Amino acid sequence: VCNTLLVANQSWDFSFFFILLLEIVISISTGVMLGLGLDFLIKRVRTILPMAILTIGFVVTKFSYHLTDYLEHAHGIGLKIEPLLICITAGFYIQNFSKNNKRFMISLDKVSLVIYTLFFSLTGASLNLEILQKSWLIALIIFFLRTIMLSTCTTTGAMIARDPAPQRYMYWLGFVAQAGVSLGFAHEIMRRFPAFGSELASIIIAVVAIDQLIGPVTFKYALEKCNETKEKITYRTLINQRTKRTES
């Protein structure tokens, strides 16, 4: 919709909605098949599973972009397969429908540092400091509006669900931090809208930076207020212990 409204010489066509639905169906279906393949891979691979997951993510991304370019240039079909939706669906399948979800999460945790380092470095390298200096007030306004919306929505949902009074007012504190999808969204804007994408992406990245500075503090405060920090052993430590016993 944004591409049609903002890019010159783009005409409105209601077949767009059919194409969009088809893109979503294909991406989700591909994600489910990828989840099935990952489930099989987890059962067979032990030592190099983190590297295998990282490689699969890279292959899915490159394949999606190349397939989109091929369909558009060779056959004139504007069908965009979204790698982010594919990988989200695959992760959803593994977490909810696979018995190997714990091993999968541990493997993701092992490669997450490398991914975040590369991702934040590439995104930071594209950050326009001059634009950021001029738009910091807009970033602050968006941050406060987002925080108000989080507080209102989570509190309302907790009241409808009849959650206990102390916790219902703390939920929003755990959702302040954001990174991955928002940064991916900023990168997509720069890629699809070169005329103004860098300016808008700089604002989005600025909001993410503010969220990442404040979010972990608010999350820890919420955990302490809800008495969720008394347990000494962490979830990751518990899973590692169980995994070692199973493998031995």
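Because the model is predicted, local features are reported at pLDDT of at least 70 and side-chain atom pairs at pLDDT 80 or more, while totals for chains, interfaces and linings use all residues. Residues are numbered from 1 along each chain as its sequence is written, and side-chain values use heavy atoms, with hydrogens and water left out.

The protein holds ten helices and zero strands, where helices (H or I, at least four residues) and strands (E, at least two) are DSSP runs numbered from the N terminus. Its pattern along the sequence is accordingly written α-α-α-α-α-α-α-α-α-α. Of the 248 residues, 29% are buried; here buried stands for under 20% relative accessible area, exposed for over 50%, and partly exposed for values in between, with a 1.4 Å probe and protein chains only. Contacts are taken as heavy atoms within 4.5 Å. Among contacts with a separation of 6 or more, 71% join residues 24 or more positions apart. The protein exposes about 16,800 Å², and carbon and sulfur atoms supply 69% of this area; accessible areas come from the Shrake-Rupley method with a 1.4 Å probe, and for residues only the protein chains shown count as cover.

We can turn next to the interior. In soluble globular proteins, nonpolar side chains tend to be buried together. A nonpolar core is defined here as a set of buried Ala, Val, Leu, Ile, Met, Phe, Trp, Tyr and Cys residues joined through side-chain atoms within 4.5 Å. The largest such core has 15 residues, of which L34, L38, I94 and F104 touch the most other members. Two or more residues of this core come from each of helix 2 (15–44), helix 3 (49–75) and helix 4 (83–97). Beyond its neighbours within four places in sequence, L34 is in contact with I56, V60, I86 and A90. Another core lies apart from the largest one and has eight residues, including L183, A186, F193 and V208.

Helix 2 also carries E23, a residue that counts as buried because its relative accessibility is 12%. Setting aside residues up to four places away in sequence, E23 touches G78, L79 and K80. The C-alpha atom of E23 is separated by 7.6 Å from that of E82, although the two residues are 59 residues apart along the chain.

Charged pairs come next. Side chains of opposite charge can pair when their charged atoms come close. With a salt bridge taken as a side-chain nitrogen of Lys or Arg within 4 Å of a carboxyl oxygen of Asp or Glu, the whole structure contains two. One of them joins R146 to D211, with the closest N and O atoms 3.5 Å apart. R146 belongs to helix 6 (residues 129–160) and D211 to helix 9 (residues 197–225), so this pair ties together parts that are 65 residues apart in sequence. D211 has a relative accessible area of 0% and is therefore buried. Apart from neighbours within four places in sequence, the contacts of D211 are F143, R146, V176, A177, Q178 and P216.

The side chains of K220 and E224 also meet in a salt bridge, at 2.4 Å from N to O. These two residues are four residues apart in helix 9, so about one helical turn separates them. Both ends are partly exposed, K220 with a relative accessible area of 48% and E224 with 39%.

For disulfides, defined as pairs of cysteine sulfur atoms within 2.5 Å, the count comes to zero. Among the cysteines, C87 is partly exposed at a relative accessible area of 32%, whereas C226 is buried at 16%.

V1, L5, L6, F196 and L200 form a nonpolar patch with about 460 Å² of accessible area together. Patches are made of residues with over 30% relative accessible area and no salt bridge, like charges being joined within 9 Å and nonpolar side chains (Val, Leu, Ile, Met, Phe, Trp, Tyr) within 5 Å.

Most residues other than glycine have a negative phi. R162, which is not a glycine, has a positive phi of about 60°. R162 is placed in the loop between helix 6 and helix 7 (165–168), and its relative accessibility of 75% makes it exposed.
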